[in-house]
Structures are given as C-alpha cells and as structure tokens.
Amino acid sequence: MKRVIAFLIIAVLGLASISLAQKTEVIFWEAMEAKLGTTLQTITNIFNKEHPNIDVKLVFVGNGDQLDSKILAAAQANTLPTIAQVYPAWAAALVAQGVVTPMDSFPDFTTVASQLYPSIINMSKINGRVYTLPFNQSVYVLYYRPMMLAQAGLTPPKTMDELAQDAKLLTVVQNGKTVRYGLGFRTTYGVLTAVARQFGGGKYITPEGSLIINSPQNVAALTFLVNLVKEGYAYAKFDYFDNELTTSSVAMLIGEGADLPFDLSDIAGQKDGIEMASFPVGISDQKSPLFRGQTLVIFNTATKDQQNAAWEYVKFLLSPAVQIYWAMNTNYSPLNKTVVSLDQWNLFAQGTSYNPSAIVDGLANGISYSENLPWWPSVIDNIRTAVENAVHFTMTPQQALDWAQQQSIIVQQKYLGK
Amino acid sequence: MNKKRNYVIGYLYLIPALVIFILFTYWPAIYSFYLSFFNTTTSVGHAIFVGLSNYAYLFRTGEIPYSPYMAFEYSLIRFSFAFIISVAIFGWIEKGRKISKNLIPLLIVPIFALIFVYPSLSVLGGNVYIFILWIIIGFLSYFFTRKMEFYKSHTILFLLSLLGLYIVAFYIGKRIDLYLLFFDIAQNNSFVMSIWNTFYFVIIDVPLTIAISLAAGLLMKNLPFFKAFFRTAFFAPYVASIVAVSLLWLWMFNYHYGILNYILSWFGIPPINWLNSASLTMPTVAILSIWEYFGYYGLIFLSGLQNIDQEYYEAAEIEGANSFQRFVYITWPLLSPITFFVIVVSLINAFQVFTQVYVLYNQMPGPYANSGLTMVFYIYNTFYNEQQMGLASAAAYVLLGIIMVLTLIQFRTTEKRVEYNI
C-alpha cells in the first residue's frame, strides 16, 4: 500500500512540474527561403530566449504559393497553425472564412500601430478592421549598374522622363544588334502597378468597388513601358534577369528591394556590381512606392494563450531593433518608422555601397500591390496577361487593359454571385 | 463449399487495397464532382450551391460576332460538302477496280454538291431548310457507300481529303465557322483557350511520339551491338525526374547559350526564340515531352516486336518480301494491340500535360498570351492561385469527359483492326 501511495505522489508531482514548466507553443508557418529563413530563425531564437514561457516554432512550408495552398487545406481540416504568413488576397479569404483574430483586438495594439507607417496600417485593413500586420514588405526600386551609368556620364534617373531618356542613352547597338538594353523589366502585374503609380494610377478598383483597370493613367503607364520596348531601349520578359545581369546586357532594371539577396546576388559585390535608386517619380511628382510582400495572420483556432503569445511575437518582429536587423540582412523595407531616425540605420545606409536608403524612401506614401479581396489573384492574372500582350505587341495598351477590365468584371460578378 | 471459401478469402485479401483505393482515389474524385456544383469563393465566406453554373461559366461565350448555332450550321454544311465529294472521288477510284452498284448517288450527289456549295455557304447560309437538305444528302451518301472498302483501306487518305475539301469550302464561303468561333471565344475565356492549347499539344505530341518510339523500338530490336546500352539510354529520360529534365531543357532551349540554337547555327539557321514566343510554346513543350516518353513507349513496342513469331518473317523472306513489305504486312498488323495501347495511353498522358509547362515557363502558363495554358494548368491555377475549388473541380470533370469520349472513340474505331490473336 505504501508503495502505491508513494508512486501516486511521485506521479502527481511529476505531472504538475511538467505542466507548470510547459511553455506556450506558437507554431509559425512561414515561407522564407534561403538566407531569409536563417535570418528569421536568428530573430526567433532571440525572441525565444527573451520570452522563456513562449516557444515559437518556425515551420518552413515552401514558397508563398505553396504556403497559401497548405493553409487552405489546413483551414478545411481544422489543423491551422497559430500564426502564418500569407498574401493579402489570401488573408482576405481567410478573414471571410472567420478563422482570423483581428490584430486590433490585442492589448496595446494602438502603441504598436503608432510606430508603423500609416500606409502599413491602411493596407492591413479588411472591412474596416486591422486583421493582419506585415513584417516583410519590399518596395519597387530601380537597380542600375553604376559603371555603365558613369561611362555614359549619367546619374540615376529621378523622374520617369529621365528614365526613358537614360534608357535610350544606355542602349548599345553593334552591327544592327542590340548588345545592351538601357532598361530591363519583368512583364508582371507589380511592375506595371509600380510604374502606373507614378502616372497617377496603379489603383484598379474604386472604394465603391468599380473596377478601373483601363483608366487613362494605367493606360499611359503601360504605353510608356511598351514604347520603350518598341523603340528598342528596353527588354521585357516574364523571367528573372540573372542572365542579362551577369552578361551585362541590361544597364537598369525595375525590381523589388527583396530581389537583391536572391536574383541579383550573382553580381552584387562585384566591382561593377549593382546599386539601388528610389523609384523614379512621374507626373504625380511625389515618392509613392509600391509595397509587395506577405502579411501575418493569427488564427482564432489556436488557444487564447497561444494567440496572445503570437501577438507578443508580432510585436517583437515589428520592433525597431528587429526591423533594422531584418532590413539590413534581407533588403526588405523597415516598416517601423523610427528605424530611419536611428543612428544605426543611418550609419548602415551611408556605409553600404548599394544605397539602402532607396528602400525607405517615401514609405509613408506607399500602397500595397494587392487589394485585400479574395478574388484579386484572378485580377492579377488578367493584368499580367494584359502586360504581356501589350509588351509583345499582340494588343495595344488600351486594348490589353480593356480586355483585363472586361475579364475582371466577370470574375468580380462571379464572386458577388451575380 | 471449399470453392466458396476460397472466393471469400480472395476478396478478403483484396479489402485492404480496396479501402486505400476508395479513401485516396475514389472518394476524392467523387467529392470533387460534388464540389463542382458549388461556388467556393463567395462574398458570404462559405461555399454555396450553384448547380451547373460552374460548367456554364467555363463555357461562357462573352461577346461573339455570330451565334454558335449559325457557326455549327456553316461547319456542318462544309463537312457535308467535303464528305460527299470525297466519297465520290474515292467511290470512282474504287469503281475503276470493280463493279459498284452505287453509280447513281456517286454521280448525281456530287454534281448537286458542286452546284450548291457556293450559294449555300455565301448567300443562303443560315437558312434552316438548306441546312437540313445538306445533312440529308450527306447522310444518304454515307448510307449508300458505307460498305465500301475505302473507309477501311484508306482511312488516312480519306481524312486528308475531307480536311482539304473542308478548307476549300471554307475559302469559298463566308468566314463563319465553329473553328473561328471557338478561337474568338478563346480570346476572352481562358478555359476555352486551355482546351485549344491542349488539343494543339496533343495533335503535335501523340503522332510524333508514336512514330519516334516505334522507330526506337525497331532500332532496339534490330541493332547488332550495344542493345543494352541503347535500351538504358532511351529509358533514362522516363525515369529521370521531370522537373530536373525540364530544367535541363530550359538551358538547351536558351536563346543565347542553348545547345539547340548552337546546333542550328551550324546549318546557318538563325537562332529560334524557343521559350519566349507564343506560337512556339506548344511545339517547345512537345519536343521536351516526346524526348521524355519515347524511350518508355519504345520499350513497350520492343516487347510487342519480340512477341511476333519469327516464323512469319521467315515465311515472308522465302516468298521474297523485302524489309518494307515485311514491316507493312507482318510487323504493323501484328503490333496493332501494342500500338493501340500506346495510342490510348499517350493520348491520356498528353491531355494531362502540366509539369513541363510549369517548369519551362517559370510557373507561368507560357511566355505570354497564355500560350502554354493547358487544361491541367488551368485547373491548377484555378484551384491553388484563385482558390476557386468548385470551378477547378468542374474543369477537371470536363477534362475527364473529353478524355473519356476520345478514348471511347478510339475503342470504337480501332477495335476491328486490332489483331489480338498473335
């Protein structure tokens, strides 16, 4: 009998000690590849050390699209993680399914929000509430090869007119064959939107919900790009530009800040490497960068403790110290507005050859590349197809965007059940 | 009693496999059929039953210059015309060889067809009586000639003549046709575009795959040396990961540095922009796909070739048949079950083309203008990127329907020619 009692006491004590020491586990599904992944792991390790009662576990789920489809399956099977990175349109779909806890429902949300750029808060709103918060957002910038510009006696273009002019001056034709294009750009939705933003467009839907894909401003922007290709000063394709950079067959390139550690790393660091400049401004005459990236959602399927722990982690990710470290290592834009006033950042920006200040320029006036609408991926597809058709001259810019408008209206009506 | 017990035990052994099949194959398939009647991406946040509207959405026509009915009428009149004239031509050739009873339809009907083709296709087209008249005459000429030999012995020639005369009729008449309408709709409906692209791919891919793999099979059988080497070499692409293979071809197709353009340059051919041209998308994918599969089908052909009794060849040789004759009169007929199998399997495979496009074009449906949007790509994109699970399921069932109908047609048309009694 004594033995049994002793055993029971030990068992109870043992269980109690386990439950007391148990940490709140936060499962974070992320899509940060290669160097981004290790940087995020370093940040997370620091967080776990600083918060002994929380254990954030990173689960790498492949690239962004794979992560999205995994979440889709998990939402159906009720196996969602605590927190995940998703694309804005996907976040809207998850909100519609009712599985997301709004960020603004957590304590001291307003303190956190006041430190971020208002543009970031605006793009996180779905149906008037802040459901998500991003920590990895990259802005469109202009990459250029400094040696090529120097040889032509040019400085990086500051306006769209200068961009067109410089593209012309930097193009090299030998024996009737173009050996170097002044400008390269990918035929994506993002590139058109970033350029259209400078033409006063870049918005494809009004707040009332009418589509304005073929607005005169958007058509003007597409015409600008198509003309550069037509005149032979720009090279456009859907693929990445690693080849053209390594063979020095483009002088300038429209790209995202976060491309730097990836596609451009082949030549970054070379003597005649690559530098960044803020995106040239157009008739709008003000810096208005285009953000592209994922956003964080906390799922209400997790326990209250887990959700609160996840919120602690979100706050940590958006704190100045983490944002500066993240920006320095990945070239994503720091979203906490105190970062630019920190000495650490200014020293870094001045002392780094590729000009990191381009990724913080005009952030207060930025907008997201995507609308927070579940059907937006179809619109992105349509606009991408329109850009491709215009750049390959199978349609005029006006025809192409008219086509995208018409196709997107059908998608919108299907979504609205009309 | 013992027999019964044996049956029961047999079925018991099957149960585990059956359970797995039901759980992982049939149940998802049935569920996705169920899902195809729902709109999953809605403003209300949950799926709603929409009946057949996903299917209707897939085949929406948008703005079209003329009605599908009118296009159908014109196409059918053209087909009737091509059919009647082809029958007449082939009938007369056959008549030259032996007495035919069907002289009257062979003479009168084509004359009628020749006189009326221009007015019906340009002036009277769209008139319902003319349309019915054409159908009746077409049907009558089929009825009178259906027992003739040319249907069997010169199918390919007959089909070519049909196609040629159809094109002639197309150029005489108004530019209204199902084919044109289909293309018009495809511009505004990416699913119809994907059907178009997939058929284009299948038409390039399947005949070439069969021809090349049959050649490979014959080569592997008749080579005096290095048989094992060639068998392994031909089979290697099939077992290699299709992603790795596609990445390899990505470099071979490269405009500036690719080996294909380099080889072309030996013959003074200017470099071809394989990967950045909408019109070359499907041929490019087909080249990769043929290379990937010809070794596998070649081996199947080889096994068929090895099953053919040597005595036939010996007998033919004694009779003085040359190698071409031996191929046409012995190998080809006796290989027909294998050929039939390869045609069916490669056709089904070709309809499901996806990975090659996905890797070659950086996860995009072709370089531009959706030129590489195949049906499976459409399903994938609709499901994963646009989250429209209902629509994707409906598209998957349309694909299943197309494959089933085509396979059925193959079974019907070829079963009489396949010689199973080797």
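Which strands of chain A does helix 4 (residues 88-96) lie across? Helix 4 of chain A lies across strand 3, strand 4 and strand 14 (295-299) of chain A.

## Basis of the model

This is a predicted model, in which local features need pLDDT of at least 70 and side-chain atom pairs count only at pLDDT 80 or more, while totals for chains, interfaces and linings use all residues. Residues are numbered from 1 along each chain as its sequence is written, and chains are lettered from A and ligands numbered from 1 in the order in which they are written.

## The sheet of chain A

Chain A has an open sheet of five strands in the order 2-1-3-14-4, with mixed pairing. Helices (H or I, at least four residues) and strands (E, at least two) are DSSP runs numbered from the N terminus, and two strands pair if DSSP finds at least two bridges between them. Strands of a sheet pair through backbone hydrogen bonds, either parallel or antiparallel. Strand 2 (54-60) and strand 4 (100-101) of chain A are at the edges and have a single partner strand each, so one side of each lacks a neighbour in the sheet.

Strand 1 (residues 24-30) and strand 3 (residues 83-86) of chain A run parallel and are joined by two bridges. Trp29(A) has Ala84(A) in strand 3 of chain A as its bridge partner. Helix 12 (residues 304-317) of chain A packs on the sheet and touches strand 1, strand 2, strand 3, strand 4 and strand 14 of chain A. The direction of helix 12 makes about 60° with that of strand 1 of chain A, whereas helix 4 of chain A runs at about 20° to strand 14 of chain A. Axes here are lines fitted to C-alpha atoms, for helices over the stretch in contact, and angles run from 0 to 180 degrees between N-to-C directions.

## Domains

Domain bounds come from an automatic or database domain assignment. Chain A is divided into domain 1 (23-136 + 294-365) and domain 2 (138-291 + 375-415). Their C-alpha centres lie 28 Å apart, and the contact takes 16 residues from domain 1 and 20 residues from domain 2 of chain A. Two residues are in contact if their C-beta atoms, placed from the backbone, lie within 7 Å.

Chain B has domain 1 (2-58), domain 2 (68-184) and domain 3 (189-414). The C-alpha centres of domain 1 and domain 3 of chain B are 30 Å apart. This contact takes 13 residues from domain 1 and 12 residues from domain 3 of chain B. On the domain 1 side, helix 1 (2-35), strand 1 (38-39) and helix 2 (53-58) of chain B each supply at least two residues; helix 2 of chain B gives the most, with four residues.

## Helix 9 of chain B

Helix 9 (residues 190-222) and helix 18 (residues 375-385) of chain B have axes that come within 8 Å and cross at roughly 145°. In this contact, Ser190(B), Phe191(B), Ser194(B), Ile195(B) and Thr198(B) of helix 9 meet Met375(B), Phe377(B) and Tyr378(B) of helix 18.

Helix 9 of chain B also packs against helix 16 (residues 336-351) of chain B, at an angle of about 145° and with the axes 9 Å apart. The residues of helix 9 in this contact include Thr198(B), Phe201(B) and Val202(B), and those of helix 16 include Val342(B) and Ile343(B).

## Contact between the chains

The contact takes 17 residues from chain B and 25 residues from chain A. The chain B side has six nonpolar, 10 polar and one charged residues. Ala, Val, Leu, Ile, Met, Phe, Trp, Tyr, Cys and Pro count as nonpolar, Asp, Glu, Lys and Arg as charged, and the others, Gly among them, as polar.
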